[in-house]
Amino acid sequence: MGPGRRVRVAKCQMLVTCFFVLLLSLSMATAMALLHLEDRFAVVSRASLDSNPWEAVHRWVFSLGISLAGLLSLGATLSAAATMREAPGLLATGFLCFALVFCSLVQVALWRFHNPTQVEDAMLDTYDLVYDQAVRSPSSIQWPELAAIQDTFLCCGKRSPFQLLGSREADPCRGEEAAREDCLQSIRSFLKTPQNIAFMLTSTGLALMVYAMLLSSFLCFAVRSGRGLDRRGKYTLTPRACGCQVQEPSRFTLSQGGPVPRRSSEAEALAGHGVQEDACMTLIGSRAYPLIRPCPATRLPTDGRHQPQAPQDP
């Protein structure tokens, strides 16, 4: 596969990758919207406590998710536009966005690996605080909040071995509510689905970011090195990128001894076609200046013997 075809294939793959990155950003933004508007998340975060553990985790996760979704959308849009226009600056900006998202996802994966139950513990601790304050003082504001949490999760109370010994605390589970599931088990069961979704989004994001960064770097270096489309729609490499030096056309110069021939490579090229171009110079004072109009070309003799002619008057 030639270099031009590799670049074309990389461009197609980059466009497809940008499409999937946009889908990932849309999925992440939707998940954050559900996290913010879901009743079971909201009713726990609205608990009026001195220190609400779930509210801090909820705010941090929502801010991180929205920021990552914005970076993904920006990087995908810039990379797609840069791929179509072959703009290395936009490709570098898209690569920077993908790198920031990759580093953030790596931090999330490490945090999830070292603290696998931190999110679950934050919600359970919040419920425990609300439950303890509500059963100790039924007239407090926590009692309606506890009832709202239990009605939202369709659960009631929590199973504790200390309840078998008897206590003076108020029992929130009476009548039909006593047949409901334990709220701690209900919260654990509810959090399994969001955690699985977060794991899938993180894994997919890491894979897409690695592939997008590789494609962005390859296309950026390819464009900077001089590959581009010519008029026939084929990718070419400029002479400077190949290590060649572009030779500027040169004409005969006039000295006191006579005309000085061209460079050897150009003279050989003209000799192969049997054409030699005369010097078109005019002498003003002691300096020679080239004429604006081109000089007439003369045919070389077949035997190769050719004497240089004097420059013609304009």
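1. Helices here are DSSP runs of H or I with at least four residues, and strands are runs of E with at least two, numbered from the N terminus. In that scheme Ala76 belongs to helix H3. The model is predicted, so local features need pLDDT of at least 70 and side-chain atom pairs count only at pLDDT 80 or more, while totals for chains, interfaces and linings use all residues. Residues are numbered from 1 along each chain as its sequence is written, and side-chain values use heavy atoms, with hydrogens and water left out.

2. Ala76 is buried, at 1% relative accessibility (buried means under 20% relative accessible area, exposed over 50%, partly exposed in between, with a 1.4 Å probe and protein chains only).

3. Val16, in helix H1, is partly exposed at 44% relative accessibility. Between the C-alpha atoms of Val16 and Ala80 there are 9.1 Å, against 64 residues along the chain.

4. Ala92 sits in helix H4 and is partly exposed, with a relative accessible area of 37%. Ala92 and Leu219 are 127 residues apart in sequence, with 9.6 Å from C-alpha to C-alpha.

5. The largest pocket holds about 890 Å³ of space. Of its 34 lining residues, Met32, Val61, Pro194, Gln195 and Ala198 are the closest to the centre. On a 1 Å grid over the protein atoms alone, a pocket is an open set of points where a 1.4 Å probe fits, with protein on both sides within 12 Å along at least five of seven lines; lining residues have an atom within 4 Å of a point. Grid points are joined across faces, edges and corners, and the volume is the space filled by probe spheres set on the points.

6. Four helices each supply at least two residues of that lining: H1 (3-37), H3 (53-85), H4 (88-114) and H7 (183-224). H7 gives the most, with 12 residues. By class the lining has 25 nonpolar, 7 polar and 2 charged residues, where Ala, Val, Leu, Ile, Met, Phe, Trp, Tyr, Cys and Pro count as nonpolar, Asp, Glu, Lys and Arg as charged, and the others, Gly among them, as polar.

7. H7 has 42 residues and spans 60 Å from its first C-alpha to its last, close to the 62 Å expected at 1.5 Å a residue (1.5 Å times one less than the number of residues). H7 bends by about 25° at Lys192, and Pro194 follows within four residues; the bend is the angle between axes fitted to the seven residues ending there and the seven starting there.

8. Which residue caps the N-terminal end of H7? Asp182 does, with a side-chain oxygen 3.3 Å from the backbone nitrogen of Leu184.

9. Glu86, in the loop between H3 and H4, has a positive phi of about 55° although it is not a glycine. Leu154, in the loop between helix H6 (142-153) and H7, has a positive phi near 55° and is not a glycine either. Leu154 is exposed, with a relative accessible area of 59%.

Technical notes
Polar contact = N/O pair within 3.5 Å; in protein donor to acceptor, adjacent residues only side chain to side chain.
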